[in-house]
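User: I would like to know what stands behind the labels used for this model. Please give the criterion each time.

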Amino acid sequence: MIEITDLTKTYNRSVHALNGVTLTIGTGMFGLLGPNGAGKTTLMRILAGLLRPTSGSATIFGNDVATLRGRMGVKALLGYLPQELGLYPNLNALEFLDYMAILKGVNDARQRRAQIDRLIQQVHLDDVAQRPLKTYSGGMKRRIGIAQALLGDPRLLIVDEPTSGLDPEERIRFRNLLVDMAQDRAIILSTHIVEDISQSCNDLAVMRGGRVIYRGAPADLIEQAKGHVWIVKGQRPDEQLILVSSLQMHDGVHYRAVGDASRYPGAVAAEPSLEDGYMWLMQDKRAGEREAARQQ
Amino acid sequence: MTARQILTMARFEMLMAFRRRSLVILQVLFLASILFFANISRETNQTSVIVLPGEGSTPARIEDLNTLPEDAIPVWMRGVDLNLWYRSGGVSTTLIAALIIMGIAIVMFTNESIPLDRQYRVRELLDAMPLSRTAYLAGKVLGVWGGLLAISVLAALFSAVILRILLGPYDLRYLALLWLAFELPLILLAGGLAVLLTSWTRTRRGAVLMSLLVLPIVILLVALGIMSLSGIGVFIHPAYAFHILLSPDESAVEVVIGRIRDALPTLLGSLIASWCLAYGWQRLREGR
């Protein structure tokens, strides 16, 4: 169980990366969505014991990340895949995973070897496992990153943009792997790819400006956008609407937009997706912030 | 778990240093400098005429040393194979000169151990492991020391052979003692200082630039080490004091012990201070 209470992180006394985040995260898949600079990576780095919070508390399976002992306790339970993953170019995959496994405390050689072989197969790198990592493509490096995060059977898995650089098939495979693993552990998945969350998480938080602006099930976020998603044919929606997608069809361009498009002739209400729900939420918050600024 | 982690880090550091050719370059430099200076010693020995210390000594060629009358030899050198003793002087000259070259090379080629973790962006992964700052630094330093130890063993064997070929017979005990108690400690000192004092840089280039600043300090410390430790041959026989320009009498042992006693706090202190600096930097970084 992860308990986060009124967590703040301020850089250089002026940049508020986190601003009073309170969350409770249980076992299972937990999605973290938000625009760039929302504070997702800062939150995950604090939870991973890489950063100290400025104030507030975060307790992970009884380990308080504000203390050194607590951070070391968290790291012993943790599998972590950072957004900017680096590897040692002169090692091959087997050596790299062996190194990481020992640092994680997987000391039994036979157990370690079995884990590494299984993970190499799961990320489909068995054919190239002996090759130096410097010869790997971006997607292959990402898969090695995923494998190292899963070493040691961690109780908490924090993955930051895990599927960026993966081809669609690998992305789906990795999502399924995470869901399979989530039955008896907590997995925090931060991503810009809304589809990854909609396909794998039943619990999510949306962050913006260092705050949590939504917490709940994806279905509820989708529900909020109901009646606000439209397909507009032929005419490009103006800036009052958020254009989600545009698709060239045989009868012209179909624009998918969030907002009130009833004034457009031929506009048809559409079933919202999680992406629409997210866009609606962002628009709603932006409008709220504008209103608050005007009142001040 | 910590000891296992440290040894694993050291093992992989050695492997990676070998694969990125740092150790290979150091090894080649080491062997080349030994060969170069051994050759200079050979030429010096061939042309030298030696005057033994003490009153009444007359110039003699090296090959004639063992045939000198007893009264032409100082009391403290009687009973010593003077030919072997003099050739052994080439051993210390070669190792001292090679050590200065190696001190520079070690600083320039072992500084990248910690900065490369950041340059390769592996540091964040390592920071997320249950690995203490002490274990991380110890693993890095031991990794560099392990690599230097490996190339030193090879260099010692090489020097034993090459000096025998170029100088002729010499005192093997003297060579072994110089390697164990003089060359190796100072090589490890230079390596440890290079790793720790460049640990806060973020890239290989930064580490090289930092090394240029660190280099004079390391060379000064190595020079201090040379002055204090190179006389350890006196523990085999006081006659070996002559090779470091000390009077080869009974006071030589005391003089050398005094030099070692005076220098050790500075040498060990510099290593400990560097460790504290590197540790403090790690802590500061983590606190951000």
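User: What makes strand 12 and strand 13 of chain A a pair?

Analyst: Two strands pair if DSSP finds at least two bridges between them. Strand 12 (residues 242–249) and strand 13 (residues 252–258) of chain A are joined by seven bridges and run antiparallel, so they meet that criterion. Leu243(A) stands opposite Ala257(A) of strand 13, and a hairpin of two residues links strand 12 to strand 13. Strands here are DSSP runs of E with at least two residues, helices are runs of H or I with at least four, and both are numbered from the N terminus. This is a predicted model, in which local features need pLDDT of at least 70 and side-chain atom pairs count only at pLDDT 80 or more, while totals for chains, interfaces and linings use all residues. Residues are numbered from 1 along each chain as its sequence is written, and chains are lettered from A and ligands numbered from 1 in the order in which they are written.

User: Why are strand 12 and strand 14 of chain A called edge strands?

Analyst: Strand 12 and strand 14 (268–269) of chain A each pair on one side only. The open sheet has four strands in the order 12-13-11-14, with antiparallel pairing. Strand 11 (residues 229–233) and strand 14 of chain A pair over two bridges, in the antiparallel sense, with Ile231(A) opposite Val268(A).

User: Which helix lies across strand 11, strand 12 and strand 13 of chain A, and how is the angle to strand 12 defined?

Analyst: Helix 9 (residues 274–295) of chain A lies across these strands and runs at about 140° to strand 12. The axes are lines fitted to C-alpha atoms, for helices over the stretch in contact, and the angle runs from 0 to 180 degrees between N-to-C directions.

User: Where do the two domains of chain A come from, and how many residues are in contact between them?

Analyst: The bounds come from an automatic or database domain assignment, which gives domain 1 (2–216) and domain 2 (222–295) of chain A. Their centres, taken over C-alpha atoms, are 33 Å apart. Two residues are in contact if their C-beta atoms, placed from the backbone, lie within 7 Å. By that criterion eight residues of domain 1 of chain A contact five residues of domain 2 of chain A. Helix 7 (194–200) of chain A gives the most to the domain 1 side, with three residues.

User: What makes up the side of chain A that touches chain B?

Analyst: There, 24 residues of chain A are in contact with 19 residues of chain B. Helix 3 (93–104) of chain A gives the largest share of the chain A side, four residues. That side divides into 15 nonpolar, five polar and four charged residues. Ala, Val, Leu, Ile, Met, Phe, Trp, Tyr, Cys and Pro count as nonpolar, Asp, Glu, Lys and Arg as charged, and the others, Gly among them, as polar.

User: Why does Leu99(B) count as buried?

Analyst: A residue is buried if 20 or more other C-beta atoms lie within 10 Å of its own, exposed if 12 or fewer, and partly exposed in between, with C-beta atoms placed from the backbone. Leu99(B) counts as buried because it has 27 C-beta neighbours inside 10 Å. Leu99(B) is found in helix 3 (residues 82–110) of chain B. Leaving aside neighbours within four places in sequence, Leu99(B) is in contact with Glu183(B), Leu186(B), Val222(B) and Ile226(B).

User: How do you know whether Gly103(B) is buried or exposed?

Analyst: Gly103(B) has 26 other C-beta atoms within 10 Å, so it is buried. Gly103(B) is found in helix 3 of chain B. Its C-alpha atom lies 6.6 Å from that of Ile187(B), 84 residues apart along the chain. Not counting residues up to four places away in sequence, Gly103(B) touches Ala190(B), Val218(B), Ile219(B) and Val222(B).

User: What makes a set of residues a nonpolar core, and which residues touch the most other members of the largest one?

Analyst: A nonpolar core is a set of buried Ala, Val, Leu, Ile, Met, Phe, Trp, Tyr and Cys residues joined through C-beta atoms within 7 Å. The largest has 173 residues, of which Leu47(A), Ile158(A), Ile188(A), Leu189(A) and Ala190(B) touch the most other members. Helix 7 (residues 172–197) of chain B gives the most to this core, with 14 residues.
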